[in-house]
Each structure stands twice: as structure tokens, then as C-alpha cells.
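Hi,

Here is the structure I promised to pass on. Have a look at it first, and then read my notes below.

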Amino acid sequence: MGKGGMSQGGDEKGEGEVNMAAWLLGVNNLKIQPFILPPLGPYDVRVGMKAVGICGSDVHYLKKLRLAHFIVKEPMVIGHECAGIIEEVGIEVKSLVPGDRVALEPGISCWQCQLCKEGRYNLCPDMKFFATPPVHGSLANQVVHPADLCFKLPENVSLEEGAMCEPLSVGVHACRRANIGPESNVLIMGAGPIGLVTLLAARAFGAPRIVIVDVDDYRLSVAKDLGADGIVKVSTNTQDVDEEVVQIHKAMGARVDVTFDCAGFDKTMSTALSATSAGGKVCLVGMGHNEMMVPLTSAAAREVDVVGVFRYKNTWPLCIEFLRSGKIDVKPLITHRFGFSQQEVEEAFETSARGGTAIKVMFNL
């Protein structure tokens with residue numbers, strides 16, 4: 001089940017305290033229950049969780065018990081955006097000591113397959129990833145995790161910011177995949193949490209002009225506050241694509257070199273393919289639809305490349321450096337905070353699912 005934990009029960013931690021976690025038991029059914037941790041291996045650490053963010057995938061599992069081809073078939077601990085404090089280290093761990101504040105990369109790859117050996121471990125078919133069934137997640141008092149996936153935080157980076165390295169990593173990996181630089185004008189479809197961290201990452205990578213598109217006025221205003229050069233409000237109607245592309249080009253005032261689709265719907269991908277300039281790139285980051293009907297032929301005739309993005313690889317050190325240096329500030333994205341009680345866990349997930357003014361909902365444990 002991965003290092004995060006293995007089953008329900010009464011595992012003793014610390015001085016007789018029971019390790020508790022938020023278990024997904026069914027549709028809209030989250031319960032805080034005991035969580036047995038696996039034995040601490042020689043290269044593992046035991047981490048006291050201090051900050052855990054709610055991701056859209058967590059909400060999706062709560063509402064549907066599935067996301068794409070991943071299906072929750074048995075009780076599972078939720079959560080994967082996390083940071084905490086080292087409480088115990090395995091006998092072979094030299095890089096960390098108890099008391100160190102760390103951000104956790106949630107995916108454990110096999111390091112044996114061809115993709116892992118090529119360095120593309122995010123595509124490992126045997127990946128064990130927090131809160132991707134059947135692997136347990138990290139919304140718990142404590143978890144056990146490999147030391148080499150725990151990254152020490154500088155003094156000026158908070159634990160909440162450390163937890164934000166996970167969503168920020170998606171934006172950083174997307175920018176790497178698209179080769180974003182000082183000559184890349186960027187269009188972003190979707191001003192949700194991933195669209196907003198992609199905006200921050202693209203700016204940090206040197207993008208001179210960034211336009212962001214969404215259906216929601218509030219999220220567009222947040223994007224503007226975070227530094228978007230232009231915002232365009234769009235509809236959900238596919239028939240409006242041509243007219244909206246004109247608005248996007250007007251807002252950009254230049255070539256659209258790279259478009260990040262951070263929603264992943266027919267409409268957003270159709271807009272991305274149409275708005276991107278000849279010879280440009282479209283990066284599909286969001287996974288709203290498993291299948292799409294999009295104008296691929298006309299985009300291919302303009303040699304618009306379509307690039308896939310799945311999670312991230314080797315991003316935590318750069319994310320932490322962006323936060324340490326102040327080149328990226330994720331703090332404005334954290335809009336709601338909750339403690340770790342049964343009532344607060346339920347309220348937090350309801351808040352995240354409602355949307356509205358909620359961008360990133362964070363647990364403080």
C-alpha cells in the first residue's frame with residue numbers, strides 16, 4: 001500500500017497517542033479513525049504532518065470514489081499535498097534529523113522500470129502515490145515516507161508553503177515541458193488552483209506576457225492580482241470559441257507561443273488549439289474529460305505541438321528555491337484554513353467542493 005500507511009487499527013505513536021487519519025469510507029463519507037503505520041525502514045522517516053492541502057482530486061474521490069481509471073474499492077486515507085516535521089529517522093538516513101521541517105513529494109516510483117531509469121519516474125507504471133487508490137494518503141497525524149522524498153525547508157519558508165510545493169510542482173513541470181522562457185508569451189485556460197500556480201511558475205520561468213481565461217469573475221480577479229497581464233472571461237459554449245479567440249489575441253497583443261489548458265475540456269482544448277500561434281505549443285495539464293472532440297487537423301496544419309503533462313518529476317528543489325527567494329509567493333492562494341477534527345474535516349471538504357472564493361483549503365494539524 002506504499003509507505004504512507006497500510007490499514008486501520010490502533011497503532012501506538014509517541015507517548016501512547018493513537019495515530020489518526022481522515023479515511024474515505026464511501027461517497028461523501030470521511031471519518032477520522034486510527035491508522036497503523038508500516039515499520040520504519042532503514043531509509044525511511046516518520047513525519048508528523050503539520051500542513052495538508054485539499055486537491056481537486058481529493059474532492060473528486062470524495063464525491064465519485066473514482067478519478068479517471070483510478071477507483072476507490074476499499075477505505076483509503078485521503079490527502080497528498082503535505083509538509084511536516086521529522087520525528088524519527090531510519091538507521092541509514094544521513095540527510096535528515098528529528099526536528100527538520102520538510103515538504104513531501106507524494107509519489108514513490110519503482111526505480112527499476114525503463115521509464116524510471118530514463119529519469120521519467122512520474123510515468124512509472126508501479127507508482128505508489130499518496131491517496132491514489134489503493135495507496136493511503138497523508139491527512140494524518142503521522143506518515144512514514146522515504147527520506148529521499150522529504151525535502152528540507154529553509155527557515156523563511158513555512159510549512160503551509162511547503163505543502164504548496166505539490167500543486168506548484170505541476171506548474172513547474174508544465175513550464176519545463178513547454179520550455180517556457182523570456183521569449184514565451186503564455187495563455188492559460190482555467191484560473192483554478194492549477195491554472196494559478198502555472199501562472200506563477202510561467203512568470204518565474206521568465207514569460208514576458210501571460211493571459212489567463214476563465215468563466216468565473218472572482219478567479220479572474222485573483223489571477224489579475226497575482227500578476228496576469230490580461231484576463232478574458234469566456235462562456236462554456238463551444239460555439240463561442242472563434243469570437244473568444246479574437247478576444248484572447250487582443251488581450252495578448254502578440255503571438256501566443258504556449259497555451260496551458262489547465263481545465264481539460266472540449267471547449268478549453270478547442271480554444272487552446274485555435275488561439276495558439278503557428279509553430280507554438282499546447283500543454284494539456286487538466287484532465288476534465290477523458291475523451292475530447294477538438295479541431296486537431298487545423299492545428300496540425302499550423303504545426304502546433306500538443307504536449308502531455310502528468311504530475312511532475314524532480315521539481316521540489318526548484319519549487320523550494322522559488323519560495324525561498326521570493327520569486328514565487330503562494331501564500332495568497334491559501335484562502336481557507338481548518339484544524340483536524342471530524343467536524344472541521346467535513347467543513348473543509350465542503351468548502352473546497354463549493355468553490356466560490358475558496359482556492360486552496362489547508363489543514364493545520
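What follows is a quick tour, from the whole chain down to single residues.

A word on the source: this is a predicted model, where local features need pLDDT of at least 70, side-chain atom pairs count only at pLDDT 80 or more, and totals for chains, interfaces and linings use all residues. Residues are numbered from 1 along each chain as its sequence is written, and side-chain values use heavy atoms, with hydrogens and water left out.

**The whole chain**

The protein chain has 11 helices and 23 strands; these are DSSP runs numbered from the N terminus, with helices being H or I of at least four residues and strands E of at least two. Its radius of gyration is 20 Å, close to the 21 Å that the globule rule gives for 365 residues, so the chain is as compact as a globular protein of that length. (That radius is taken over C-alpha atoms, and the rule is 2.2 Å times the number of residues to the power 0.38.) Along its principal axes, the C-alpha trace spans about 65 × 40 × 40 Å.

Of the 365 residues, 54% are buried. Buried here means under 20% relative accessible area, exposed means over 50%, and partly exposed is in between, with a 1.4 Å probe and protein chains only. If you take the contacts (heavy atoms within 4.5 Å) with a separation of 6 or more, 71% of them come from residues 24 or more positions apart.

Strands count as paired if DSSP finds at least two bridges between them. Here is how strand 6 pairs:

- With strand 10 (residues 81-89), the pairing is antiparallel over eight bridges; arginine 46 has glutamate 88 as its bridge partner there.
- With strand 14 (residues 142-146), five bridges make an antiparallel pair, and aspartate 44 is opposite proline 146.
- With strand 23 (residues 360-364), three bridges join the two, again antiparallel; alanine 51 is opposite asparagine 364.

Glycine 56 lies in helix 1 (residues 56-64) and counts as exposed, at 54% relative accessibility.

**Helix 5 and strand 17**

Is helix 5 largely enclosed or open? Nine of its 12 residues are buried, so the rest of the structure largely encloses helix 5. Among the buried ones are Gly195, Leu196 and Val197. The cover over them includes helix 4 (165-177), strand 16 (186-189), strand 17 (210-214), helix 6 (217-225), strand 19 (258-261) and helix 10 (316-325). The length of helix 5 (residues 193-204) checks out too: at 1.5 Å a residue it should span 16 Å, and its end C-alpha atoms are 17 Å apart, which agrees. (The expected span is 1.5 Å times one less than the number of residues.) Glycine 206 follows helix 5 and has a positive phi, near 105 degrees.

In strand 17, five of the five residues are buried, so the strand is largely enclosed as well. Ile210, Ile212 and Asp214 point one way, while Val211 and Val213 point the other. Strand 17 runs parallel to strand 16, joined by four bridges, and valine 211 is the bridge partner of leucine 187.

**Aromatic rings**

Rings of Phe, Tyr and Trp (its six-membered ring) pair if their centres lie within 6.5 Å; planes under 30 degrees apart count as stacked, over 60 as edge-to-face and the rest as tilted. The count comes to seven aromatic pairs. One of them is tyrosine 312 with tryptophan 316, edge-to-face at 5.1 Å centre to centre and 75 degrees between the planes. Tyrosine 312 is buried at 3% relative accessible area, and tryptophan 316 is buried at 0%.

Phenylalanine 349 and phenylalanine 363 have ring centres 6.2 Å apart and planes at 40 degrees, so that pair is tilted. Phenylalanine 349 is in helix 11 (residues 342-354) and phenylalanine 363 in strand 23, so the pair ties together parts that are 14 residues apart in sequence.

Ring pairs also link Phe129, Phe151, Tyr312 and Trp316 into a cluster. The charged end of arginine 311 sits over the ring of phenylalanine 129, 3.7 Å from its centre; the rule for that is NZ of Lys or CZ of Arg within 6 Å of the ring centre and within 35 degrees of the ring normal.

Cheers
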